[in-house]
Amino acid sequence: MAAKDRMAVLSAMMEQAVIPVFYDPDVEVCKNVIQACANGGAKCIEFTNRGDFASHVFYEVTRHFAKVDPSVIMGVGSIVDAPTAGIYIANGAKFIVGPLLNADVAKVCNRRGIPYSPGCGSATEIGDAQELGCEIVKVFPGSSVGGPEFVKSVMGPMPWTRIMPTGGVEPTEESLRKWYGAGIVACGIGSNLITKKLLDAKDYKGIEENVRTTVQLIKTIKAELAAKK
């Protein structure tokens with residue numbers, strides 16, 4: 001896993017199945033939250049490109065984990081253009097996620113062997129993303145484009161599709177059963193997983209427990225679904 005090449009990162013994302021989505025302007029807060037996620041079993045983290053100098057925060061955090069816990073896989077989200085993708089790749093991003101599909105971002109990622117999960121809201125956009133080499137497509141915003149029913153509708157004629165929704169996925173058994181039952185391979189969860197209450201209290205153990213519980217719940221659900229096939 002040390003090399004963190006494209007195939008290894010994609011496998012890790014699907015194995016982990018839930019990607020914590022997080023940003024804070026404070027480097028130390030980011031280090032603590034990401035370490036808590038890793039300790040809880042979620043070592044693939046989507047850092048959100050949000051706020052002034054976000055790429056500088058990412059650089060510091062990624063360098064930190066390269067030394068103290070190289071098993072952490074730092075990705076970045078909210079990427080809408082190729083120059084920004086290039087900056088984050090240069091700063092150590094191992095996967096790129098976006099709220100929309102941008103062909104230039106796909107080209108940069110493909111050239112560097114970096115997985116790209118663009119935000120798609122229709123079967124046509126998903127097909128376009130697949131033509132551009134995207135193995136896992138992000139459905140965004142998950143609840144607004146049709147939720148689990150949308151996923152089921154896409155998987156019918158396009159069963160090879162790997163979908164990772166963000167927005168509208170909650171770390172509850174009811175929500176996760178619906179989404180994974182529809183056929184997703186992973187999901188992104190932000191403030192529902194790393195809650196404002198836990199952050200305000202700097203309760204990093206609480207975040208770790210939240211993540212661990214969610215990771216285990218998804219494993220149980222996936223195992224039950226696989227047994228029914």
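Helix H7 (residues 147–155) buries Gly147, Pro148, Phe150, Val151, Val154 and Met155, where buried means under 20% relative accessible area, exposed means over 50% and partly exposed lies in between (1.4 Å probe, protein chains only). Seen down the axis of H7, these buried residues fall within an arc of 155°, so they line one face of the helix; the arc is that of the directions from the helix axis to the C-beta atoms. They pack against H6, E7, E8 and helix H8 (173–182), with contact taken as heavy atoms within 4.5 Å. Helices (H or I, at least four residues) and strands (E, at least two) are DSSP runs, numbered from the N terminus.

A word on the model itself: it is predicted, so local features need pLDDT of at least 70 and side-chain atom pairs count only at pLDDT 80 or more, while totals for chains, interfaces and linings use all residues. Residues are numbered from 1 along each chain as its sequence is written, and side-chain values use heavy atoms, with hydrogens and water left out.

An open sheet of three strands runs in the order E6-E7-E8, with parallel pairing; two strands pair if DSSP finds at least two bridges between them. E6 and E8 stand at the edges, each with a single partner strand, so one side of each is left without a neighbour in the sheet. Strands of a sheet pair through backbone hydrogen bonds, either parallel or antiparallel.

Let us walk through the sheet strand by strand. Strand E6 (residues 119–120) is joined to E7 by two bridges, and Cys120 has Val139 as its bridge partner in E7. From E6 the chain passes through helix H6 (residues 123–131) to E7 in a right-handed β-α-β crossover. Right-handed here means that, with the strands pointing away from the viewer, the path from the first strand over the helix to the second runs clockwise.

Ile163 in E8 is the bridge partner of Val137. The link from E7 to E8 goes through H7, and this crossover too is a right-handed β-α-β one.

Which way do the side chains of E7 (residues 136–139) point? Ile136 and Lys138 point one way and Val137 and Val139 the other, and all are buried. In a regular strand the side chains alternate between the two faces of the sheet.

**Strands E2 and E3**

Strand E3 (residues 73–77) is mostly covered, with five of its five residues buried. Ile73, Gly75 and Gly77 point one way from E3, and Met74 and Val76 the other way. Strand E2 (residues 44–48) pairs with E3 in the parallel sense over five bridges, and Glu46 stands opposite Gly75. Together with helix H3 (residues 54–68), E2 and E3 make a right-handed β-α-β unit.

Thr62 is found in H3 and is buried, with a relative accessible area of 12%. Leaving aside residues up to four places away in sequence, Thr62 touches Met74, Asn91 and Gly92.

**Aromatic pairs**

How many aromatic pairs does a search of the whole structure find? There are three. Rings of Phe, Tyr and Trp (its six-membered ring) pair if their centres lie within 6.5 Å; planes under 30 degrees apart count as stacked, over 60 as edge-to-face and the rest as tilted. The table shows two of the pairs, including their geometry.

| Pair | Centre to centre | Angle between planes | Type |
|---|---|---|---|
| Tyr23 and Phe47 | 5.4 Å | 80° | edge-to-face |
| Phe58 and Tyr88 | 5.1 Å | 75° | edge-to-face |

Tyr23 lies in the loop between strand E1 (18–22) and helix H2 (27–39) and Phe47 in strand E2, so their pair ties together parts that are 24 residues apart in sequence. Phe58 in H3 and Tyr88 in helix H4 (residues 82–90) are 30 residues apart, and their pair links distant parts of the chain.

Phe47 is buried at 0% relative accessibility, Phe58 is also buried at 0%, and Tyr88 is buried with a relative accessible area of 1%. Tyr23, Phe47, Phe58 and Tyr88 form one aromatic cluster.
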